[in-house]
Amino acid sequence: MNLRLGICIAALLASGSALAEKPVNIAFLPGQVGIPFYSTMQCGAQKAAKEFNVALSWNGPPDWDIALQQPFIDAALQLHPAAVVLAPTDGNALITQVAELEKQGTPVITVDAPLNKPVETQSIQSNHYLGGVAAAKAMAEVAGTSGTFLAVGMRPGLPDIDARVKGFMDTFKKEYPQAKLLPVIYPETSSTKAAQQVAAALQANPDLKGVYVTHSAAATGASSAIMEAGKRGTVKLISFDGDPQEIRDLKDGIYDALIIQQPYQMGYQSVKLAAELARKQINKAQVPHDNLLPFVIATQKNINDPAVRKYFYQTSCKS
């Protein structure tokens, strides 16, 4: 038998086996809805749900806040899902709840951000620290290794965002010690607050050469502050994520590089694994806890490369 034909037949049989079974109920609880990162993740989750016969619920808060997310978690658990996929907005507050679900036999997979204790079955996320390292090296390439630089976090105590900051700061301190690093600023998810804080840094530090932003909401504010100060092209800007507006701004030279994650794969892989665990098709004990996805660096030079473009975030799912 032709090898490719054999592989196709095997895939069809596996898919047919899943579809022949009763749909499995999986609750997907994103950290935030209405932003391209999570819209892209939802597209991946829905694709896997279709392929693996999953009845998927998707509900989350409009902002990254445990007080807003908890009611969605409580409501989803009232329906007794066979498995849960969760983007935890608080790495500590949800540990006990996740541990109890696991103890009761409901597998939990976290995406995007980890818990502060590894009580879930698997954590699927970016390698945040290495993303910060990559951002530092990209910044040194476009802005040089001396002068003043600013890192923009979200709020202290978030393991994923803190790792992005730490990777950047550690790399500069170790490899570019002649540079001056300003204290990290924390605008949370407010573009307005980020704009105000970056504007203040620009005014107080005329030699500011680069701004590194760890998430898209703050990036919008940082870019507007740089533009308002007339520093476009002079102050280099590098950010995490690949929202449509960020991609347009990269093309226009407002950004110098973007560190793009893989939310589609987070959604797809988590739902696939959750379905397999719920159907006991795989042994939970053999599932590795850490599933760290690589990132893609987009620049003006490679922005039109199909191998890079496929990772850009979506606002709606393609048919």
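Visitor: In β7, which residue is the bridge partner of Phe-149?
Guide: This is a predicted model, where local features need pLDDT of at least 70 and side-chain atom pairs count only at pLDDT 80 or more, while totals for chains, interfaces and linings use all residues. Residues are numbered from 1 along each chain as its sequence is written, and side-chain values use heavy atoms, with hydrogens and water left out. Strand β6 (residues 147–152) runs parallel to β7, joined by three bridges; strands (E, at least two residues) and helices (H or I, at least four) are DSSP runs numbered from the N terminus, and two strands pair if DSSP finds at least two bridges between them. In β7, the partner of Phe-149 is Leu-181.

Visitor: What is the strand order of the open sheet of six strands?
Guide: The pairing is mixed. The edge strands, each pairing on one side only, are β7 (179–181) and β12 (296–298). The order is β7-β6-β8-β9-β10-β12.

Visitor: Which residues form one aromatic cluster with Phe-149?
Guide: Rings of Phe, Tyr and Trp (its six-membered ring) pair if their centres lie within 6.5 Å; planes under 30 degrees apart count as stacked, over 60 as edge-to-face and the rest as tilted. The whole structure has nine aromatic pairs. One of them is Phe-37 with Tyr-38, edge-to-face at 5.1 Å centre to centre and 85 degrees between the planes. Phe-149 clusters with Phe-168, Phe-172, Tyr-176 and Tyr-212.

Visitor: Which cysteines form the disulfide, and how far apart are their sulfur atoms?
Guide: The structure holds one disulfide, meaning a pair of cysteine sulfur atoms within 2.5 Å. The pair links helix α2 (residues 36–51) to the segment after α11 (306–309), 274 residues apart. The cysteines are Cys-43 and Cys-317, with sulfur atoms 2.1 Å apart.

Visitor: Why is the disulfide of Cys-43 and Cys-317 given a handedness, and which one?
Guide: Handedness here follows from the torsion about the S-S bond. For Cys-43 and Cys-317 that torsion is about -100 degrees, so the disulfide is left-handed.

Visitor: Is Cys-43 buried or exposed?
Guide: Buried means under 20% relative accessible area, exposed over 50%, partly exposed in between (1.4 Å probe, protein chains only). Cys-317 has 37% relative accessibility, so Cys-317 counts as partly exposed. Cys-43 has a relative accessible area of 6%, so Cys-43 is buried.
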